Amino acid sequence: MVILCVALFTTLGWAGPANPPSTPSPLVGSWRLITYEDRPDASSPVFPFGRSPKGLLIYTSTGQMSIQIMKQPHPGVASGDEDRVTPAEKQALFDAFMAYFGTYSVDATRGVVTHHVEGDLWGVFDGKDEDRPFELSGDRLTLKTRWQSGGRNWSGLRVFERLRPGDGR
């Protein structure tokens with residue numbers, strides 16, 4: 001039996017965790033959100049998290065990623081007590097925050113980073129691969145996406161700025 005397993009691993013290749021790349025992706029690091037806008041084709045932009053949202057995107061050298069976006073101004077909880085949040089407050093808080101995490105891969109030739117989503121606050125991206133065409137210019141990362149919703153074509157623009165040691169204090 002052991003010989004069969006060794007033969008299979010040798011023939012098919014080890015299916016364990018991938019080794020991190022020897023040259024880290026230029027996307028590795030922490031990124032602060034600058035712009036988050038959605039635009040239906042031939043229409044004005046929509047700002048689902050406000051005109052000045054807060055957000056953080058992280059790409060690790062070991063292939064993990066995480067993103068969190070928060071609407072500004074952010075809704076509050078009137079009682080100040082997390083155990084006494086009203087249903088209306090829960091709805092407002094849910095609508096004002098998005099987050100997901102997983103792994104990522106980069107196709108530099110195509111200029112696409114793919115987020116392999118493992119967990120998503122809203123549950124709509126779970127288990128999906130989300131391609132994000134990107135442009136990297138110095139410490140500015142721009143992610144673009146396109147989709148269809150409600151019979152309309154949409155494009156999304158997400159602009160991030162690389163965080164350096166000491167930023168955000």
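Q: Is Trp147 buried, partly exposed or exposed, and how do I tell?
A: Look at the relative accessible area. Buried means under 20%, and exposed means over 50%. In this predicted model, Trp147 has 28% relative accessibility, so Trp147 counts as partly exposed.

Q: Which class does Trp154 fall into?
A: Use the cut-off of 20% again. Trp154 has a relative accessible area of 17%, so Trp154 is buried.

Q: How many aromatic pairs are there in the whole structure?
A: A search finds 5.

Q: How are the planes of Phe94 and Trp122 arranged?
A: Check the angle between the ring planes. Under 30 degrees is stacked, over 60 is edge-to-face, and the rest is tilted. Phe94 and Trp122 have 50° between the planes, and the pair is tilted. The centres are 6.2 Å apart.

Q: What does the pair of Phe94 and Trp122 tie together?
A: Find each residue's element. Phe94 lies in helix α2, and Trp122 in the loop between β5 and β6, so the pair ties together parts 28 residues apart in sequence. Phe94 is partly exposed at 36%. Trp122 is also partly exposed, with 36% relative accessibility.

Q: What about the rings of Trp147 and Trp154?
A: Their planes are at 10°, so this pair is stacked. Their centres lie 6.1 Å apart.

Q: Which ring does the charged end of Arg158 sit over?
A: The ring of Tyr36. The distance from the ring centre is 3.7 Å.

Q: How many helices and strands does the protein have?
A: Count them along the chain. The protein has 2 helices and 8 strands. Their order from the N terminus is α-β-β-β-α-β-β-β-β-β.

Key: Residues numbered from 1 in each chain as written. Predicted model: local features only at pLDDT ≥ 70, side-chain atom pairs only at ≥ 80, totals over all residues. Heavy atoms only, no water. Helix = DSSP H or I, 4+ residues; strand = E, 2+ residues; numbered from the N terminus. Phe/Tyr/Trp six-rings, centres within 6.5 Å; stacked < 30°, edge-to-face > 60°. Buried < 20%, exposed > 50% of the residue type's maximum accessible area, 1.4 Å probe, protein only. Lys NZ or Arg CZ within 6 Å of the ring centre and 35° of its normal.
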